[in-house]
Amino acid sequence: MDSVLFILRDYGTLLLVGQYPNGPLGGLAVTLVLSVLGLLLAFPLGVAIALARISPFRWLRMPAAAVIYGVRGVPLLMFIFWVYFFVPVLTGRTVSGFTTMVITLVIYQAAYLAEIVRAGIEGLPGGQTEAARAVGLSYTQTMVKVVLPQALYNMVPALVSQFVSTIKETSLGYVISVNEVTFAANQINSSLMTQPFQVYFILAAIYFCLCFSLTRFARFLERRIADRREGARRMTTSSAIVASQSPVPKQAA
């Protein structure tokens with residue numbers, strides 16, 4: 001226990017923010033920045049792929065399905081290496097490990113977010129779409145104004161859970177020298193040489209505390225959404241009962 005406290009005292013800053021402000025930002029801060037950037041940039045792409053996936057047009061559905069199955073069928077580590085070696089060839093210039101990791105997460109997470117969005121849309125009652133089309137809305141207007149707002153609200157817990165997965169996936173960035181928290185732990189272990197268990201125990205504790213907190217938050221959101229749904233259902237049922245029990249006014253003779 002004393003050795004753990006010693007590591008936290010001497011290397012805690014390196015684990016949290018790297019060498020900042022006297023050097024580049026790193027550690028847990030970079031892990032969170034990578035996760036947030038990856039998820040935010042991947043979300044619009046995921047929505048677009050999901051809409052193409054459920055589109056009535058076959059020429060949109062087939063490429064979207066191919067992208068989803070292709071990306072999800074490749075290990076993330078292999079995908080990192082592909083992007084790391086292919087992007088410089090494509091652009092003709094060297095790309096940093098941080099940029100490589102962001103690009104990888106955007107493409108990789110977009111495939112998973114597309115399935116989350118698709119499930120959220122298909123989980124809505126079919127009457128929503130039918131009612132929107134009945135009042136004259138086009139397919140695009142129905143999706144943008146009626147279906148997506150409801151589906152995205154229901155998907156908030158799943159998005160938080162996906163954020164947790166993204167945080168854990170950033171740990172693979174150390175293989176291309178991205179200065180995130182796992183890379184910082186490796187640096188500390190290389191400096192100490194004799195306390196690998198303590199170093200990686202601290203690393204595991206950091207991931208656990210962060211991911212466990214976000215998981216509990218996701219469950220809290222699930223309960224809130226379920227309670228609001230139940231409240232709306234009860235209000236609708238009560239209104240229907242009151243309307244059915246109201247006396248019908250007599251018509252004047």
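The model is predicted, so local features need pLDDT of at least 70 and side-chain atom pairs pLDDT 80 or more, while totals for chains, interfaces and linings use all residues. Residues are numbered from 1 along each chain, and side-chain values use heavy atoms, without hydrogens and water.

Helix α3 covers residues 58-72 (helices are DSSP runs of H or I, at least four residues, numbered from the N terminus). The expected span is 1.5 Å times one less than the number of residues. The buried residues of α3 are A64, A65, I68 and V71 (buried is under 20% relative accessible area, exposed over 50%, partly exposed in between, with a 1.4 Å probe and protein chains only). They cover an arc of only 145 degrees around the axis, which puts them on the same side of α3; the arc is taken from the directions from the helix axis to the C-beta atoms. The face turned away from that side carries the exposed residues R58, W59, A66 and Y69.

R72, in helix α3, is linked to E115, in helix α5, 43 residues away. Their side chains form a salt bridge at 3.8 Å, N to O (a Lys or Arg side-chain nitrogen within 4 Å of an Asp or Glu carboxyl oxygen). R72 is partly exposed at 36% relative accessibility, whereas E115 is buried at 15%. Within α5, R118 and E115 lie 3 residues apart, and their closest N and O atoms are 2.9 Å apart. R118 also meets E122 at 3.0 Å. Shared partners join R53, R72, E115, R118 and E122 into one network.

Conventions:
Helices (H or I, at least four residues) and strands (E, at least two) are DSSP runs, numbered from the N terminus.
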